[in-house]
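Please consult the sequence and the structure shown below alongside the text.

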Amino acid sequence: MAKLNRENVIAEALDLLDEVGLDAVSTRQLAKRLNVEQPSLYYHFRKKEDLLGAMAEAAMAPHTAEPLPTSADDWRAWFLENMRSFRRTLLMRRDGARLHAGSRPGATDLDRLAQKMAFLIASGVPERDAQMAMLAAGRYTVGAVLEEQADAEIGRSADDLAELPQIDPEAAFEAGLTLIADGLARQVERA
């Protein structure tokens with residue numbers, strides 16, 4: 001294994017997550033994978049929660065790499081694509097939504113969020129409505145992915161849910177996201 005550093009600890013922890021799921025990730029298993037003693041991980045992460053936070057931040061890298069909106073962008077099209085990107089990123093990792101749900105945004109994330117909010121407000125979305133729409137859509141996205149990943153994890157099949165109507169997770173997500181965007185558009189029209 002290469003020299004133990006923060007980046008390779010996080011990368012290995014994310015690989016472990018993909019293999020065993022969030023409930024089974026442990027510093028003991030991670031140390032074994034890295035061929036180090038468990039206490040050596042504490043040099044980089046004082047406690048498991050710190051490691052999980054770093055994993056969540058790293059797992060969100062594809063979404064945070066997306067370009068920020070510009071004044072030329074249509075707020076509605078951007079809003080929809082921003083949430084789609086968020087969903088795609090959460091789905092990239094096993095238990096990605098659960099990992100994200102337990103994390104707090106870092107300084108870079110907060111700065112990006114502030115820029116996104118400023119874009120919506122500059123586009124004519126009332127400030128409070130922009131805040132609530134971003135919060136609602138973000139939580140909706142995490143919840144939708146939580147359910148989708150839970151169904152996949154326990155292997156629910158059409159036979160298991162025969163009495164329920166079959167719904168494509170992506171189509172269901174799009175329908176709910178459209179409802180949120182439609183509601184926000186009505187608020188913009190009223191303002």
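The model is predicted. In it, helix α1 and helix α3 cross at roughly 85°, and the structure holds 2 cavities of 30 Å³ or more.

**Packing of α1 and α3**

- Two packed helices are described by the angle between their axes and the distance between the axes.
- Helix α1 spans residues 6-20 and helix α3 spans residues 48-59; their axes come within 9 Å.
- The two helices count as roughly perpendicular, because their crossing angle of roughly 85° falls in the range of 65 to 115 degrees.
- On the α1 side, the contact is made by Arg6, Val9, Ile10, Ala13, Leu14 and Leu17.
- On the α3 side, Leu51, Ala54, Met55, Ala58 and Ala59 take part.
- By class, this contact of α1 with α3 comprises 10 nonpolar residues, 1 charged residue and no polar ones.

**Residues of helix α2**

- Thr27 belongs to helix α2, which covers residues 27-34.
- Thr27 has a relative accessibility of 14% and is therefore buried, the limit being under 20%.
- Beyond its neighbours within four places in sequence, Thr27 is in contact with Gln38, Leu41, Tyr42 and Leu51.
- Leu34 is also part of helix α2, and with a relative accessible area of 2% this residue is buried.
- The C-alpha atoms of Leu34 and Ala11 are separated by 11 Å, the two residues being 23 apart along the chain.

**Largest cavity**

- The largest cavity contains about 40 Å³ of space.
- Its lining consists of Val9, Thr27, Leu30, Leu41, Tyr42, Phe45, Lys47, Lys48 and Leu51.
- Among these, Leu41, Tyr42 and Leu51 are also contacts of Thr27.
- Val9 and Leu51 of this lining also take part in the contact between α1 and α3.
- Helices α2 and α3 each contribute at least two residues to the lining.
- The lining divides into 6 nonpolar, 1 polar and 2 charged residues.

**Second largest cavity**

- The volume of the second largest cavity is about 30 Å³.
- Ala56, Ala59, Met60, Thr89, Leu90, Gly96, Leu99 and His100 form its lining.
- Two or more lining residues come from each of α3, α5 (75-91) and α6 (96-101).
- Helix α6 gives the most to this lining, with 3 residues.
- This lining holds 5 nonpolar and 3 polar residues, and no charged ones.
- Ala59 of the lining is also one of the α3 residues in the contact with α1.

Key:
Residues numbered from 1 in each chain as written. Predicted model: local features only at pLDDT ≥ 70, side-chain atom pairs only at ≥ 80, totals over all residues. Heavy atoms only, no water. Helix = DSSP H or I, 4+ residues; strand = E, 2+ residues; numbered from the N terminus. Buried < 20%, exposed > 50% of the residue type's maximum accessible area, 1.4 Å probe, protein only. Contact = heavy atoms within 4.5 Å. Axes fitted to C-alpha atoms, helices over the stretch in contact; angles between N-to-C directions. Parallel < 35°, antiparallel > 145°, perpendicular 65-115°, else oblique. Nonpolar A, V, L, I, M, F, W, Y, C, P; charged D, E, K, R; others polar. 1 Å grid on protein atoms, 1.4 Å probe; cavity = no way out; pocket = protein on both sides within 12 Å on 5 of 7 lines; lining within 4 Å. Points joined across faces, edges and corners; volume = space filled by probe spheres on them.
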